[in-house]
Amino acid sequence: MLDSASAPRPKVPRRVAAVIVNSLKGGVVPRIGLPYITVGREREIQALLHDLDLTADGGASFRFLVGRYGSGKSFLLQTIRNHAMGNGFVVCDADLSPERRLQGTRGQGLATYRELVRNLSTKTRPEGGALNLVLDRWVAATTEGGTFAEGDAARADALVDAQMAPLEELVHGFDFSRMVRRYRAAALEGDDETMGNVVKWLRGEYRTKTEARQELGATAIITDDDWYDYLKLFAAFLVGAGYKGLLVLIDELVNLYKIPNAVTRQYNYEKILTMYNDTLQGKARHLGIIMGGTPQSIEDRRRGIYSYEALRSRLAQGRFAQEGLADLLAPVIHLEPLTYEELLVLIEKLADIHAGLFGYERTLTEDDLVAFLRIEFGRVGADTHLTPREVIRDFIELLDIVSQNPQVSVADLLESDDFAYAQPAEPGTREAAPAALHVPAATGPSGTRTPAESGSPYAEFTL
């Protein structure tokens, strides 16, 4: 079962190991080092990689990742993010919040666009802030110092015209084309001020048309109503800069579900419908969109995305989908829990990383790891409520305690009353059923046996 896990593992650099351990202990997904701890999710990853292939070929895709808090949505998003960057895509990501939505009356949609552009990332700039890098790469590919020999400026200009022609057919394409041409001219002249102003315009940071006109001669600015149109323009433009396309990752859809005003919620869901229709109907090219949310934020008929009938009728599962037979080519991917075996491989990897980070010899045996998981899955309701986040956080806490207190035995710690409070369930299924709790014998005030001791299905308790 653990042949792959027992094979020699690549040594994890201490800097990467520190990010992995600290991030996971804090309940967040590390931005680097994911290949060292990725387990399971093969089918989901393959489905999303198929979308990337479609996007690279000039198509577009749209997916929802649905799972409870801590089920691995953000982890899967980051895994796909890293894979996309490594394969020539530009990736931008943003978490929605009360200040960042898809549509709003106070610029919340534009705030989301600004966050996406700020987090623009490539393989050589994975931490974000790659807009200047992308523009400079495009300039280099379309100037004398790039694709063409020196003195062949006419051919370079003709290439720019050919690249801009498809963009100018799109909404706001003339404005976008004019700005990137302006950046190229400024770069050739060494005009840093104009280059900075164009970047400011592309980031959506001009508040009024008057300000943009004074500094750039622009007749339009990016606003809360049309920011998505500029993402489509970016996706088409990136191909001319040598990239395969643009992948947009938007997480925390629950913040749309929490919007108190029903009309505002509907406007946001209408924006999702627009993006969904554009990608599936071929109106967008080289653009992939993945959104992550909880089941409630998607499926609630009163406040969730399914409260917008046009989306519900497009996204709801058909009659043949059932547990164990999920359609991973559908627009909505529901994340299933990791199996015992996958979690066992994961915590073994974490034990090795923790030992390497803090410079000690790993003492936890496979039996200790199995005992830990049995205890975790022995909780009441673990079959439906236990998430990888909770398991990982508990395990790292256990590793920290054992490494800081060498006199403490792992077996004794696991068998203590604080840990072994439930009869563990046996592994073997994807969702282990919760085992019956051991209820200590109790007596009433007169010394008689209580229902809990006598085997009655009902127990008495006092508040």
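This is a predicted model: local features need pLDDT of at least 70, side-chain atom pairs count only at pLDDT 80 or more; totals for chains, interfaces and linings use all residues.
Local features were taken only at pLDDT of at least 70 and side-chain atom pairs only at pLDDT 80 or more, whereas totals for chains, interfaces and linings use all residues. Residues are numbered from 1 along each chain as its sequence is written, and side-chain values use heavy atoms, with hydrogens and water left out.

Helices (H or I, at least four residues) and strands (E, at least two) are DSSP runs numbered from the N terminus. Five strands form an open sheet in the order β2-β3-β4-β1-β5, with parallel pairing; two strands are taken to pair if DSSP finds at least two bridges between them. Because β2 and β5 (332-334) stand at the edges with a single partner strand each, one side of each has no neighbour in the sheet. From one strand to the next the twist averages 15°, where axes are lines fitted to C-alpha atoms, for helices over the stretch in contact, and angles run from 0 to 180 degrees between N-to-C directions.

Strand β3 runs parallel to β2, to which six bridges join it. Val-90 has Leu-246 of β3 as its bridge partner, and Asp-93 is partnered by Leu-249 of β3. With β4 (residues 287-293), β3 pairs in the parallel sense over five bridges, and Ile-250 stands opposite Met-291 in β4. Six of the six residues of β3 are buried, that is, under 20% relative accessible area, against over 50% for exposed and in between for partly exposed (1.4 Å probe, protein chains only). Leu-246, Val-248 and Ile-250 cover one face of β3, and Leu-247, Leu-249 and Asp-251 the other.

Eleven of the 14 residues are buried, so α11 is largely enclosed by the rest of the structure. Among the buried residues of α11 are Trp-227, Asp-229, Lys-232 and Phe-237. Gly-242, which follows α11, has a positive phi near 100°.

The largest pocket has a volume of about 770 Å³. Of its 36 lining residues, Val-28, Val-29, Lys-73, Ser-74 and Phe-75 are the closest to its centre. Elements giving two or more residues to this lining are α4 (73-86), β2 (90-95), β3 (246-251) and α19 (388-404), with α4 giving the most, seven residues. A pocket is an open set of points on a 1 Å grid over the protein atoms alone, where a 1.4 Å probe fits, with protein on both sides within 12 Å along at least five of seven lines; lining residues have an atom within 4 Å of a point.

Technical notes: Grid points are joined across faces, edges and corners, and a volume is the space filled by probe spheres set on the points.
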